[in-house]
Amino acid sequence: MLTLGTLGFTAPWLLLGLAALPILWFLLRAVPPAPIRRMFPAVTLLLGLEDEQTETDKTPWWLLLLRTLAIAAVIIGFAGPVLNPQTERTGAGPLLVMIDGTWADARDWGQRIERLDMLLAEASRNGRPVAVVTLTDRPVGALPFQSADAWRARLPSLTPQPWVPVGEEVLAWWDSAEADGFDTFWMSDGLDYDWRDALLARAEAQGDVTVFESARPAYVLRPSEFSDGEILVRGSRAVAGDVTTLSIAAQGLDPNGIPRVLARADLRFAPSATYAELPLSLPPELRNRITRFEIEGIRSAGAVTLTDDALRRREVALIAGRDDREGLELLSPTHYLEQALEPTADLITGALSDILLANPDAIVLADVATISDGEAEPLAEWVDKGGLLVRFAGPRLASSDVSRDEEDPLMPVRLRAGGRTVGGAMSWGEPKTLRPFADTSPFFGLPVPDEVRVTAQVMAQPDPTLADRTIASLADGTPLVTRKRVGQGQIVLFHVTANAEWSSLPLSGLFVQMLERLAVSTRPATPTADDLAGTTWVPDQTLTAFGDVIDAGALPGVAGEALVEPVPGPDLRPGLYRDEDRLLAFNVVNDETELAPSVWPASVPVEGLSVARETLLKGAFLTAALAFLFIDLVASLWLSGRLFGPRAGVTASLLLALAILPHQGLAQESQADLFALEATTEVVLAHVVTGDRSLDAAAAAGLRGLSEILTRRTSIEPADPIAVNLETDELAFFPILYWPVTPDQPQPSAEAYARLNTYLRTGGMIVFDTRDADVSRFGGSGPNGRKLQQLARPLDIPPLEPIPEDHVLTRTFYLLQDFPGRHASRDVWVEAAPPDAERAEGMPFRNLNDNVTPVVIGGNDWAAAWATDANGRQMFPVGRGFTGERQREIAYRFGVNLIMHVLTGNYKSDQVHVPALLDRLGQ
Amino acid sequence: MIQPADLRSRAEDLAAPLPPLMAAADHLASTVLLGEHGRRRAGMGDEFWQYRPAQPGDEARMVDWRRSGRSDVHFVREKEWQAAQSVAIWADPGQSMRFSSNSNLPTKLLAARVLALATAVLLIRGGERVGLADMSLPPRSGELQLLRLAEILGNPGEAADYGAPEIKGLPAHARALFLSDFLGDLAPVTNALTRAADRGVEGAIVQILDPQEEAFPFEGRTIFDSVGGTLSHETRKARDLRDRYLDRLAERKAELADLARVTGWQYDCHHTDRSASAALMWIYQALGRVH
């Protein structure tokens, strides 16, 4: 094989034929195009006419070039060009293919499998037995050596796992596997593990080792943290390199419960940094919805980090001591609390006993003095389990005896009787300001605004523990906020009211910040071993190695102890674990996971994963040659005048057919558009295609005749009628459908009926014409009547009645009482009037239904009476002599009334009220 | 003696080509008969002309008694006198006429013969005498003459590449109709027409051309052959010839029109893709024209 760069030739000697091309050029150049012989009687007139030019003897240069190219393409094509010719890997003996199969493999798993496929194909050609082993899913016992083809068939079922094999286990497995003397292909995930060197040494003891590794660096997301009201998304990479920007997507459920990307931001790695942080400031509403962060474009479990309770929105219960002052919103004890907590927490209101069942994160008691024993006990229990009880003082608390003599379990401190008032009209001194927060206080660091004044408070009894429990105090040192830890929870008392009665604290931004600090400090932190002891966590969702979150299904729960320092494995899959209401995210990559690129000794050849597929170009070249020859054919025809000369029709139509073929779809689409345009540009009457050609023609002619009459006599000027196919055409364009009934017309499909019903409900009208009023009465047993029953059964038709004397159809344009067509039967049925329709006082008509009747059913063969041919002559005889003509005239009048009724609705019916209206106006 | 069966089969063979040609001609003629110029020109003198007072010498049976009864003098009912006219037709049988550029179009020969026969149908039904200009069929009237005409016109025999009119059978003061493409040498035509004019013969020449001859839609290297194969012309770029060819064709038409004007004939050009009835109408009017 001859190789030129990435191009190789299987039969390079044929390329010598290219040397013959110049000769061909001259040969072709010398031969002019052959003349055509044509019979032409007027040749006598041509005799003696000389050609003006003699140049066209020679073939034009571009045609020569085309032909030369075609020949060159043929020569090159048969020389067997191959793009990226592959050199075969040789080797003999058994072969072990070892795949790490970790989450880090997942990002280019497809490439790996493709490469593996090629390696196996080579091994198959060389007849080597192969064992394919995934280190995260090791076979038991001896290495499974099989034919390479058997492994190739199983390739699609190989998947990576979202964990990393444990070093001792891998080495133990290797030692237990009984085989000797084989080469090893190791598909590494590119990360360094502590067991790599040991395994490599053992593999090299058996034979040659070749490593395949992706050159792409690994990126991972570490668990995101919450700090200072922002989410810190943290990423790492194995290899420090240039500036890299990754797009981070925050996934979560939107308010409708549909998973979507809630936020996007860029994580930027500084040059030569392997760690990057992205502070993500999101509205709490959005933040609470986030279920995971992922690096967009990288399909790996390492690029996904699940979030748990740490970012959740808290439930806060608000209980006020008094709620009798309805309407005084600003004085309501909980108003400011609601305002402050609304954006960040789910507020619960209700009775205390009910609230405790909901197990909220925090309960706020605003000026609630006494708590009944029945409630106090569970409340204390709840606090003990980690609840946050926040109490606000107030007049009631101040006047009660709660926590007076001895400390109430639900109060952080003892209180003095009465409290104190400063700076009021009846007291000494100035209103007090706040002292800056001590560094032991959870509020430490919050700026203290000057405008916060406290005018009244409840006073704490001095106790030995008071200093420890005070987390905020006034400028004079009296406690303002005290806190007591009870079990896992805490009790906080604000010594002022939750509204602005005693202080301006609730009016300041500090109030919100303090609440947030308090609430934030209660969020479940990373659980400690003690927290998890004795608990059982059930996997809720698990992560695949590809970073997809799937339902965990029926995986067994795990003991809490295992989650203290979790090591992911088949028994402990990464994912979201649930214990009652608590959620715990167990991510593939945590803070301790080390990321380092794998290092291989120089003796081990390392190859990339990229596969350059062998591409045979023979077909492409021969196709090109064929295309050139085709162009040459057309060009030759054109040059010699055969393309556009006489009898070129066949050639031209063939070429046209080729060119037109792909445009058929477009044509169809525009056909639908044309239909819509035609139907909507002007008012158009329509009739249903029955399949009976003469009947359809008569219906079309009838509507044409009616259209002419309408144009002549009224302001309705319809365009030519349209035949409507119920199965394919849109009905919404037509005000009226004329439907002649014939016994052998096909039943419309279910879809067509659905559209017909929509049409009827949205104001359309169908005129059924059984055309048999001469032989059978309406509802009779004629074949047309039976067919009508069949046709109309699936339709949504209201109750019917024969046209009453005062129906609006009798007076929309002409005053009519007969509705003849070609036959003069009185049986014409329309929608029945409502049973309660009554004749208005002084009116000759009843106040009938306010809609256009959706159907008109009759058998008078109106279309035949209306029908005119193209010259405007009547097509069908009606009656005899003058009476016949009169009947036709009445038929036309009925048609006019019908169309008027469709287009104007009950306008004429409403007209009868005009005298009454005028009368009422006093004219 | 020929057996009747044999005679019949031979007659049928002979008649075989007749019906289509006859039918086509009849069909064509009927479009004119039904039109505006129908039987208003009836011949044979059975049309009322005028009443004139009877003169001595008039036979008693010539007196129109009904008219005479209303007055004191006798009247003779005179009918329109109309002598039958002889019309001689020459339809070019040359090989150049046996050409059509498209299978949907008739050959020029067929077009010429259908026109000729249709004209004959019209004239004979109008009472005229129709014959062929080349002596093969002297002018006669009657339906039988139509059959004879159809027989001769339906059998184009061997012919030269380009035909020339013969006027041996042309009676003096008759009318004549020449149908040809007039693409051959024009000298015989000129000769025939001048000689005919000398004999007081008037008539019409209809040039029948194929649309291709009018359009010259050729390109590229082409060899043009005449239908008989006697003439040929090669060109390397047919498109370049087009303008000059069309000039020559226009020149030829002008020559023919000139010739017709000088000799007092009528000239028209008919294309085989056009309606034949229009051409027939023109012929009918040209032949019936009174000078």
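1. Ile248 of chain A stands opposite Ala265(A), which lies in strand β13(A). This pair belongs to strand β12 (residues 244-253) and strand β13 (residues 259-269) of chain A, which run antiparallel and are joined by 10 bridges. Strands pair here if DSSP finds at least two bridges between them; helices (H or I, at least four residues) and strands (E, at least two) are DSSP runs, numbered from the N terminus.

2. The model is predicted: local features need pLDDT of at least 70, side-chain atom pairs count only at pLDDT 80 or more, and totals for chains, interfaces and linings use all residues. Residues are numbered from 1 along each chain as its sequence is written, while chains are lettered from A and ligands numbered from 1 in the order in which they are written.

3. The hairpin of β12(A) and β13(A) has five residues between the strands. Within this hairpin, Gly257(A) takes a positive phi near 85°.

4. Strand β12(A) also pairs with strand β15 (residues 290-295) of chain A; five bridges join the two, and they run antiparallel. Gln251(A) stands opposite Arg292(A) in β15(A), and Ala249(A) has Glu294(A) of β15(A) as its bridge partner. In a regular strand, side chains alternate between the two faces of the sheet.

5. These pairings are part of an open sheet of four strands in chain A, in the order β13-β12-β15-β16, with antiparallel pairing. Strands β13 and β16 (304-306) of chain A stand at the edges with a single partner strand each, so one side of each is left without a neighbour in the sheet. The twist averages 20° from one strand to the next. Angles run from 0 to 180 degrees between N-to-C directions, and axes are lines fitted to C-alpha atoms, for helices over the stretch in contact.

6. A second open sheet spans two chains: its three strands have the order β3(A)-β7(B)-β8(B), and the pairing is mixed. At its edges stand β3 of chain A and β8 (232-235) of chain B, each with a single partner strand, so one side of each is left without a neighbour in the sheet. Neighbouring strands of this sheet are turned by 20° against each other on average, direction ignored.

7. Which way do β3(A) and strand β7 (residues 222-225) of chain B run, parallel or antiparallel? They run parallel, joined by four bridges. In β7(B), Thr222(B) is the bridge partner of Ile36(A).

8. As to the interface, 28 residues of chain A are in contact with 34 residues of chain B, contact being defined by C-beta atoms, placed from the backbone, that lie within 7 Å. On the side of chain A that touches chain B, the elements giving two or more residues are β3 (36-39) and α2 (43-46) of chain A. By class, this side has 16 nonpolar, seven polar and five charged residues. Ala, Val, Leu, Ile, Met, Phe, Trp, Tyr, Cys and Pro count as nonpolar, Asp, Glu, Lys and Arg as charged, and the others, Gly among them, as polar.

9. Helix α3 (residues 61-78) and helix α16 (residues 618-639) of chain A pack at an angle of about 160°, with their axes 8 Å apart. They are therefore roughly antiparallel to each other, a term for angles over 145 degrees. Residues of the contact include Leu66(A), Ala70(A) and Ala73(A) of α3(A) and Phe621(A), Ala625(A) and Phe628(A) of α16(A). The residues of this contact divide into 16 nonpolar, one polar and three charged.

10. Helix α6 (residues 167-176) and helix α7 (residues 196-206) of chain A pack at an angle of about 10°, with their axes 10 Å apart. The two are therefore roughly parallel, the term for angles under 35 degrees. Val170(A), Leu171(A) and Trp174(A) in α6(A) meet Ala198(A), Leu199(A) and Arg202(A) in α7(A). This contact has five nonpolar residues, no polar residue and one charged residue.

11. Helix α20 (residues 750-761) of chain A has 12 residues and reaches 16 Å from its first C-alpha to its last, close to the 16 Å expected at 1.5 Å a residue; the expected span is 1.5 Å times one less than the number of residues. Gly763(A) follows α20(A) and has a positive phi, near 100°.

Technical notes: Parallel < 35°, antiparallel > 145°, perpendicular 65-115°, else oblique. Contact = placed C-beta atoms within 7 Å.
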